[in-house]
Structures are given as structure tokens and as C-alpha cells.
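Please have the model at hand as you read.

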Amino acid sequence: MPSHDFLPSEQPVQLLDQDGRRVEDPKRAFPSDEDLLRAHEALVVGRRINEQAYALVRQGRLAVYPSSYGQEACEVAAALVLDDQDWLFPTYRDVVSIIGRGVDPVETLTLLKGDWHCGYDPTEHRVAPQTTPLATQLIHAVGVAHAATLRGEDTVVMAMCGDGATSEGDFHEALNFAAVFKAPVVFFVQNNEYAISVPLARQTVAPSLAHKAVGYGMPGERVDGNDVAALLSVLGDAVHAARSGAGPSLVEAHTYRMQAHTNADDATRYRQDDEVAAWQGRDPLLRSKAYLTGRELLTDERTAEIAAKAEAVATVMRDGLMQDVEPVPGDLFEHVHATPTPQLREQAAFLADELSREKVS
Amino acid sequence: MAEHEKITMAQAFNQALRDAMTADESVLMFGEDVGALGGVFRVTDGLTAEFGGARCFDTPLAESGIMGFAVGLAMNGMRPVVEMQFDAFAYPAFEQIVSHVAKMRNRTRGALSMPITIRIPYAGGIGGVEHHCDSSEAYYAHTPGLTVVAPATVADAYTLMREAIASPDPVVVLEPKKLYWSKDEVDLDEVQPGIGRAVVRREGTDATLIAYGTSVPIALEAADAAAAEGRSLQVVDVRSIVPFDDETVCAAVRSTGRAVVVAEAPGFASVSSEIVARVTERCFHHLAAPVRRVTGFDIPYPPPKLEHLHLPSVDRVLDAVDTLQWDDV
């Protein structure tokens with residue numbers, strides 16, 4: 001394939017403009033009304049998850065929360081374009097995607113609550129554990145995809161990362177392995193402009209992150225990350241290509257982290273309020289709502305239904321996280337190895353004895 | 001007893017890989033130069049021809065990628081065996097090993113296991129240039145979740161590799177480069193003690209030498225030399241660094257009351273210092289002298305023309321034994 005076929009479009013693909021008006025793009029299919037309604041519902045739920053998680057941090061029920069507020073279109077589209085047999089590889093910021101894939105919200109937040117590291121069984125909904133060391137999960141995604149290929153299974157893997165992660169060596173190794181083994185992986189980069197405090201300009205001087213794909217011999221595309229219609233279309237095409245044996249591709253979504261890196265961060269130290277304000281008008285929810293309302297697809301009744309669904313998820317989060325589950329000290333030793341070593345059995349007994357004596361005294 | 005052909009340790013590793021791949025289709029062997037070439041030490045010789053390029057294959061030249069690829073394959077039902085071409089070339093994979101391979105079972109409370117075998121040709125004594133002779137066992141042994149073995153005999157090379165591949169957990173197999181071409185007549189069907197077990201290689205009554213991997217032959221040679229001088233040295237082959245066999249090692253030390261640990265890695269904060277600590281904690285009242293160590297110096301691995309000054313030698317082991325307070329002054 002000539003290398004120009006791998007190049008991303010001149011501008012990020014946009015199918016809905018900032019005011020929710022449809023943009024014609026002959027190269028991209030516009031999602032169906034049904035898909036857009038489903039995506040809008042997921043957006044509203046996703047926004048509610050972010051708001052509720054933020055509140056739970058303030059109430060001391062979550063240790064930390066890296067919010068995807070403002071990036072919900074990326075979050076929901078990544079989950080919606082996958083089938084049951086596919087895999088999602090999320091980062092720590094992708095709670096909304098994980099819940100969108102069907103994982104229990106309370107199990108999803110176990111890591112950030114601090115009860116355990118990964119609270120869900122990754123094999124149940126085919127969602128890998130959230131990974132905090134950047135880009136390391138991308139190469140795992142390639143391995144999962146290659147195992148599926150070896151067994152002749154119809155599995156596509158969505159491998160997510162942010163703009164900062166594209167500077168890591170594992171980003172390079174993952175894309176190169178995927179291309180060499182023609183693995184069915186979609187690398188989905190949410191470029192939200194900042195890696196904690198460091199702006200994109202310090203990560204790369206490449207024309208775009210999507211251009212990096214060319215160097216690996218795979219197609220790259222960029223998309224308006226606050227346009228759920230464009231994301232469904234572009235990510236859907238990438239998944240379809242991977243599923244049909246065309247190999248991996250890279251999709252860069254241009255979006256913005258509306259809140260600080262986490263609640264522990266102070267974004268006013270490194271970015272200006274007017275920069276943030278400029279992105280408020282580009283909110284992904286406003287756009288899909290305007291389009292669907294204009295098409296008379298989003299009735300008052302439907303809006304109320306969606307709000308109720310979002311509230312139900314928030315209630316599950318609140319109820320689950322307000323409960324104090326006593327962590328089991330013995331779990332510290334239980335899963336280090338399939339069978340604990342004699343040394344770990346000794347240490348587990350030591351701790352159990354120490355705890356039993358504390359209870360007595 | 002049936003006659004058996006003499007084979008090298010490299011051939012024993014190769015046979016273990018072949019038998020494991022025959023027994024279980026999910027076993028995959030990959031890394032750098034492991035395909036057509038058969039590995040720079042020929043440990044994977046003939047595997048691609050026998051099992052095909054989908055089962056034994058070369059990857060892009062990227063150790064972190066190789067290890068992370070193994071993680072993903074293991075997540076999705078495969079049993080990967082990876083070759084890190086040389087000890088000191090495995091460091092780019094270190095983050096994947098420490099952050100994911102070692103932690104995945106614990107992180108997911110057992111939902112995901114990592115049946116990965118990490119083959120690392122290790123240690124020196126082969127005249128290798130810089131970055132080809134590191135003893136990196138302490139890094140791996142210090143990482144909770146990893147099993148670490150270092151075979152010293154041809155029979156153990158086969159047994160420990162088979163056990164590593166069959167293990168539901170990640171196992172680092174430290175293959176002593178210096179011993180790849182050592183030969184022995186072995187019955188591969190004979191059951192050897194498994195991972196987690198140390199063995200007494202030579203009985204003795206005066207002092208115990210504790211060694212693993214490349215240092216076991218040194219310890220045995222030292223015991224021979226000591227015997228000629230009328231001193232009876234026992235030799236314990238640790239074999240399994242993690243899990244460590246406290247029971248066998250401590251029983252041996254208690255039986256003689258004196259011990260020297262022999263290992264070629266730098267001694268500071270090392271596996272050898274851990275062994276001394278464990279033995280001292282558990283056998284103090286049986287000891288007639290402090291436990292001594294013969295280790296490499298705390299220096300970067302030397303160039304080939306100087307490595308003999310760094311490596312434990314028979315003389316150094318015998319000198320250490322001589323200092324074990326044999327006579328009251």
C-alpha cells in the first residue's frame with residue numbers, strides 16, 4: 001500500500017459541528033439515528049458517572065479520580081463500536097468506557113476506592129485491568145489480538161491511551177508489533193492536550209499523533225474527539241478493517257481534559273481559564289443533543305428516560321461506594337502465586353496472629 | 001540401568017521445549033533469533049522446523065515488546081516461553097516483568113494468571129564482552145510474584161524447564177551460559193525434585209557449601225579438593241531461588257554447623273546475602289562460625305581478560321572455608 005494511503009485527513013474528521021449541524025464527508029458513513037440515540041444516552045450516563053465520581057472523591061469515598069469530563073464522546077464510542085467477543089484495554093481515565101462495556105460500576109471503581117487493584121474479572125466483559133504505567137497495556141492488547149488470530153477467533157482489540165503515552169517506548173513497540181503481526185488492534189489515542197501539566201508541544205513535533213501510524217505501515221486517522229457521530233464512524237471503520245483482516249490502525253481523537261488531571265492536581269498552575277472556556281462550547285453532549293433535538297428524535301419523554309437511566313447508575317455508584325467493605329488481610333498473600341510459597345504462608349500466619357492479638361487487647 | 005546418550009545442557013533445554021510444545025499446543029516460543037537460527041545458543045534449534053512458524057518465531061527486536069506481547073498472549077489462553085537473548089539485554093523488559101508479569105494474578109485476585117516462562121541466559125565465565133555476562137537474579141528474586149530457578153545440571157535443565165512451562169505462574173529460568181555445553185548422561189524420564197526444592201549434591205560433615213547455577217560446579221570442585229586435604233564438605237544446590245527451600249538448606253547447615261555461600265553476582269544486597277540472613281536466623285545455635293560468602297565484587301561485570309579475578313574460584317572457596325573458626329585460639 002502506498003504510504004499516502006496511511007496518512008490521516010487534513011483536518012480531524014467531523015460529522016457534527018459545534019452547533020450539532022451535520023457536516024458532509026463523502027468518505028465517512030453517518031451513523032444511524034438509532035446509533036446516535038444510543039450514543040447520546042451513553043454520553044448522558046457517562047457525564048453523570050464523572051459528576052458522581054467527583055462528588056464521591058469530595059466525600060472521601062474514592063481515593064482519587066482521573067476524570068474524563070469533556071471526553072465522554074471518546075469514552076462511549078470506544079465501547080459502542082465493539083462486539084461482545086472483542087476486548088477493551090483501558091487506561092486509568094477510562095472508567096466511563098469500562099462501565100459502558102458492561103462492567104459493574106462499583107467493581108470498576110474498586111481500584112480508585114482503594115479496596116483492591118482491579119475489582120472486576122477482566123475475562124467476564126473482556127476488559128483488561130486499568131493500567132497506570134503509561135502505554136504498557138498497548139502491547140498486551142497486541143498479544144491478546146494475536147492469540148485470537150492464532151486460534152482463528154473473530155476478536156478485535158481496542159487499545160486506549162492518551163497523548164502523553166505516545167512518547168513512551170512501549171507505544172512504539174506495540175504499534176510495531178501489531179503491524180508486523182498484522183494484529184486486529186485499533187490504537188485509540190485521546191489527545192486531550194495535556195499529560196498532567198505538560199502540553200502536547202513537549203511530547204511531539206509530529207504533524208499530528210495520527211501521522212505516527214505511517215512509520216509503522218498502518219493507517220492513521222484523526223477525528224474530532226467531541227463529536228460522537230464522527231467517533232462512531234471512524235472507530236467503527238477501524239474496527240471493521242481490523243475484523244476483516246486489514247490489520248491494525250491508529251485513531252487520534254482531538255479532545256480536551258476539562259478538569260484537572262485528578263482531584264489531587266491543580267490545573268490553574270499550568271493552563272489559563274480562557275483556554276478551558278473555549279472548549280466549553282465544544283462539549284460533546286451539547287452537540288449530540290442539538291442534532292437529535294433538531295431531528296425531533298430526542299423527545300421530552302426520551303430525555304426523561306435517559307436522565308432516569310443516568311440517575312440509576314449514579315445511585316448504584318453511591319450505594320456501592322458508601323458501603324464500607326472490610327478488606328480481608330489474608331488477601332494480601334492469597335494471589336501472589338497460584339500456590340503460596342512456604343515463606344508467604346509463614347508471613348500470612350504472622351499477620352493473622354498479630355491481628356488476632358490486637359483484637360484481644 | 002539403561003544406557004543413555006550424553007547430552008549437553010543446551011540440548012536438555014531444547015528437549016524440554018520440544019516436549020512441552022508437543023504436550024501442549026498453547027505453548028509458544030518466541031524472541032530474537034530463535035527461529036531459523038535456533039537461538040544464539042541454539043537452545044531453540046529445530047523448533048520452528050518441527051512446530052511451524054506460528055509456534056516458534058522471531059519477533060521485532062524489542063525486549064519490552066516481547067514481554068508485553070507474552071502478557072497479552074497469556075491473558076488470552078496461551079502459554080508463552082520467551083527468550084531474552086542475554087541477561088543484560090533483558091533490562092528493557094524489566095518494567096513489563098515487574099509491573100505486569102509479576103503482578104497480574106495478584107492485581108486481578110486470580111482472575112488472570114501469567115503462565116509465562118522467561119528464559120534468560122545468565123552469568124559469565126564465557127569471555128563475553130560488556131553486557132553479556134550479568135548475574136541479574138537479585139532483581140527478579142526481589143520481585144514478589146516471580147518464581148526464579150537456576151539449574152546447574154543437565155538433568156535439572158530439563159526438569160526445571162518443563163516445570164517452568166507447566167507452572168500456572170511466571171517463572172524466570174536462569175540458564176547458566178557457562179554450562180550450556182556441559183555434558184551428562186541423563187535419563188530425562190527420571191523424576192527430579194521440582195521447583196521449590198534444593199538438593200544435596202554431595203554429602204559432607206565438616207561444612208556446607210551453598211550454591212546455585214554456575215557456582216555449583218565450583219563448589220563441587222572445591223569439595224573434591226578439600227577431601228584430598230581431609231576435610232569433608234557438603235554441597236547444597238539451591239536450584240530454586242524462589243521459592244527458596246529453607247528446610248533442605250537449613251537441615252544441611254545444621255548437620256555441619258558451618259556454611260559458605262558461593263555465587264558470582266555482586267554480594268551486596270544479593271541472593272547470597274539473603275541466604276546468609278535466612279541461615280543465620282534459623283540455624284544460629286547450630287553454627288560454629290559466622291556464615292561466609294564467596295561472591296563477585298561489587299563492580300560492573302569485568303571485561304573478558306579480567307573476569308577470572310571477579311568470579312568465585314575453588315581457591316577462594318577453600319580460603320573461606322579455612323576461616324570458619326576451626327580451632328579455638
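The count comes to one cavity of 30 Å³ or more. On a 1 Å grid over the protein atoms alone, a cavity is a set of points where a 1.4 Å probe fits but cannot get out, while a pocket is an open set with protein on both sides within 12 Å along at least five of seven lines; lining residues have an atom within 4 Å of a point. A volume is the space filled by probe spheres set on the points, which are joined across faces, edges and corners. The model is predicted, with local features needing pLDDT of at least 70 and side-chain atom pairs pLDDT 80 or more, whereas totals for chains, interfaces and linings use all residues. Residues are numbered from 1 along each chain as its sequence is written, chains are lettered from A and ligands numbered from 1 in the order written, and side-chain values use heavy atoms, without hydrogens or water.

The cavity is lined by B:Lys178, B:Thr214, B:Ser215, B:Ile218, B:Glu264, B:Leu311 and B:Pro312. Now compare the pockets:

| Pocket | Volume | Lining residues nearest the centre |
|---|---|---|
| Largest | about 780 Å³ | B:Ala141, B:His142, B:Thr143, B:Pro144, B:Val242 |

Helix α10(B) gives the largest share of the largest pocket's lining, five residues; for the second largest pocket, that share is five residues from α10(A). Helices (H or I, at least four residues) and strands (E, at least two) are DSSP runs, numbered from the N terminus.

Next, look at helix α9 (residues 246-256) of chain B, where the buried residues include B:Asp246, B:Cys250 and B:Val253. Buried means under 20% relative accessible area, with a 1.4 Å probe and protein chains only. Among the elements that cover the buried residues of α9(B) are α15 (342-360) of chain A and β13 (259-266) of chain B. Just after α9(B), B:Gly257 takes a positive phi of about 80 degrees.

In chain A, which strand holds A:Val189? A:Val189 sits in strand β3 (residues 185-191), and it counts as buried because its relative accessibility is 1%. Its contacts (heavy atoms within 4.5 Å) include A:Cys161, A:Phe171, A:Leu209 and A:Val251, not counting residues up to four places away in sequence.

Conventions
Buried < 20%, exposed > 50% of the residue type's maximum accessible area, 1.4 Å probe, protein only.
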